[in-house]
Amino acid sequence: MSFTIKLTEKQISQIIDEYSNLSLPLTNNYTLFRAKINTSFVSIFKTGNLLIQGGDEKGTYQSICKLLGIDYKIIDAPYVNITSIGALKSAIGTDEVGTGDFFGSIVVAGCYVPKNKINELIRMGIKDSKELNDNKILKLAPMIMENYIYSYYLLDNIHYNYLTSKMNLNMNQIKAIMHNSVINSLKKKTQEYELIVIDAFTTSDLYFKYIKNEKNIAKDVLLEEKAENKYISVACASIIARYIFLKDLKDLSNKVGYDLPKGAGNQVDSLIYKLLQEKGINAFKTFSKMNFKNLQKIIENKNN
C-alpha cells in the first residue's frame, strides 16, 4: 500500500521542518527529501509529489495530513483490491508482457485513465490481463485503445537478442528502458495525470540505475507490486500490452509457418527441436529469445 500527496512549496517546508531529524540520505537526483517515520519511508520529489511507502502507511499518511491541515479520507470504490488512495486518481499506468515467453516480442504498454472514467472501465470488466482469456483481451483492448490515451513499445526478437548478447543488458534493464520510453510518450500526450504507476519488476533504486543513461528520464514514478490489481490504468495497460503481443505473435507464427506457443514449457521445447532441424540455429534470432534456457538445454542435449 502507498499514498501520494501533491504538495505546495509551503507544505514541503512544513514536512521537512517537522521530520528533519528523521531524514535519510538521498539516493538519486530526483528526490528533494527522504525520511523514515516509524516503519514508513517518505519521499518528496522535486516535482512536489510526496510518496509514502513501507509499513504503517495509513498512520504516517494521517499524521502528515494533520500536520498540513488537510482531510484524511480513504475512499471506497467498487474496483477489486484497491488499497491505495492513489488508485482513485487520474493516472498513467504501465505494464509489460512477453518477458516469460520464448517465442515473440516484449511489449510494454501504458494508458492514461482520468479518475472520472474509473467506474466506466470497471463496468467494462477491466482487470489484470492475466485474469482474462485471449478472446476477452481481443475484445476489450480495441475498446480501450479507441477511447483512452495509450502508448506502447514493441521490442522484436532481433533487437532483444542484440541487446542481450552484444550490449549485455539483462531483462530488467531492458524493461526499465522500455517503461521509461512509454511513460515519456504518454507525458507528451497528456499533462492531466496525478500519478504515474509502474507494475513493479524491481526496486525503485535499481529502476533509476537502469535508466540513468537515458536522454529523457521520467522521474516521479511509483513502482508498486501487483499494481495491475490496484490501479485501473495499469490494468488497461496490461490488456493493451497483451493484445499487441498476441497480434504480433500471430504475425510471427505466419512467417515461421507454425503456431508459436506462449510461455516456455514442454510445448515450446517440442517445437524448438523441429525448428532447429528445419531452419537452423541462426533463424532463431528472428522469432525467439535466444538467451532462454530452453534453447541452450536442447542444443547441449543434441551435442552430447
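Which residues does Thr164 touch, not counting residues up to four places away in sequence?

Modeller: Before I answer, please keep in mind that this is a predicted model, in which local features need pLDDT of at least 70 and side-chain atom pairs count only at pLDDT 80 or more, while totals for chains, interfaces and linings use all residues. Residues are numbered from 1 along each chain as its sequence is written, and side-chain values use heavy atoms, with hydrogens and water left out.

Not counting residues up to four places away in sequence, Thr164 touches Leu169, Ile174 and Asn291, where a contact means heavy atoms within 4.5 Å. Thr164 has its place in helix H5, which covers residues 157-165; helices (H or I, at least four residues) and strands (E, at least two) are DSSP runs, numbered from the N terminus. Thr164 counts as buried because its relative accessibility is 14%, and the cut-offs are under 20% relative accessible area for buried, over 50% for exposed, and partly exposed in between, with a 1.4 Å probe and protein chains only.

Asn184 sits in helix H6, residues 171-189, and since its relative accessibility is 17%, Asn184 counts as buried. Its contacts, again leaving out residues up to four places away in sequence, are Asn216, Ile217 and Ala218. Tyr150, in strand S7 (residues 149-155), is partly exposed, with a relative accessible area of 24%. Beyond the residues up to four places away in sequence, Tyr150 touches Gly110, Cys111, Met145, Leu186, Lys189 and Ile240. The C-alpha atoms of Tyr150 and Tyr112 are separated by 6.3 Å, although these two residues are 38 residues apart along the chain.

Ala200 lies in the loop between strand S8 (195-199) and helix H7 (204-210), and, leaving aside its neighbours within four places in sequence, Ala200 is in contact with Leu223, Glu224 and Glu225. Between the C-alpha atoms of Ala200 and Asp95, which are 105 residues apart along the chain, the separation is 8.6 Å. For Glu9, found in helix H1 (residues 9-19), the C-alpha atom is separated by 35 Å from that of Ser238, 229 residues along the chain. Glu9 counts as exposed because its relative accessibility is 71%.

Two further loop residues deserve a look at their backbone angle. Most residues other than glycine have a negative phi. Asn38, in the loop between strand S2 (31-37) and strand S3 (40-45), has a phi near 55°, a positive value in a residue other than glycine. Lys226, in the loop between strand S9 (222-224) and H8, likewise has a positive phi near 55°. Asn38 is exposed, with a relative accessible area of 62%, and Lys226 counts as exposed at 59% relative accessibility.

Now consider the interior. In soluble globular proteins, nonpolar side chains tend to be buried together. A nonpolar core is a set of buried Ala, Val, Leu, Ile, Met, Phe, Trp, Tyr and Cys residues joined through side-chain atoms within 4.5 Å. The largest one here has 68 residues, of which Phe103, Ile126, Tyr207, Val221 and Ile272 touch the most other members. Helix H8 (residues 232-256) gives the most to this core, with 13 residues. Apart from this core lies another, of 17 residues, among them Ile5, Leu7, Tyr19 and Ile52. Ile272 touches Phe102, Phe103, Phe284, Asn294, Leu295 and Ile298, not counting residues up to four places away in sequence.

Finally, the whole chain gives these parts their setting. The protein has 10 helices and nine strands. Its radius of gyration is 22 Å, close to the 19 Å that the globule rule gives for 304 residues, so the protein is as compact as a globular protein of that length; this radius is taken over C-alpha atoms, and the rule is 2.2 Å times the number of residues to the power 0.38. Of the 304 residues, 50% count as buried. Among contacts with a separation of 6 or more, 67% come from residues 24 or more positions apart.
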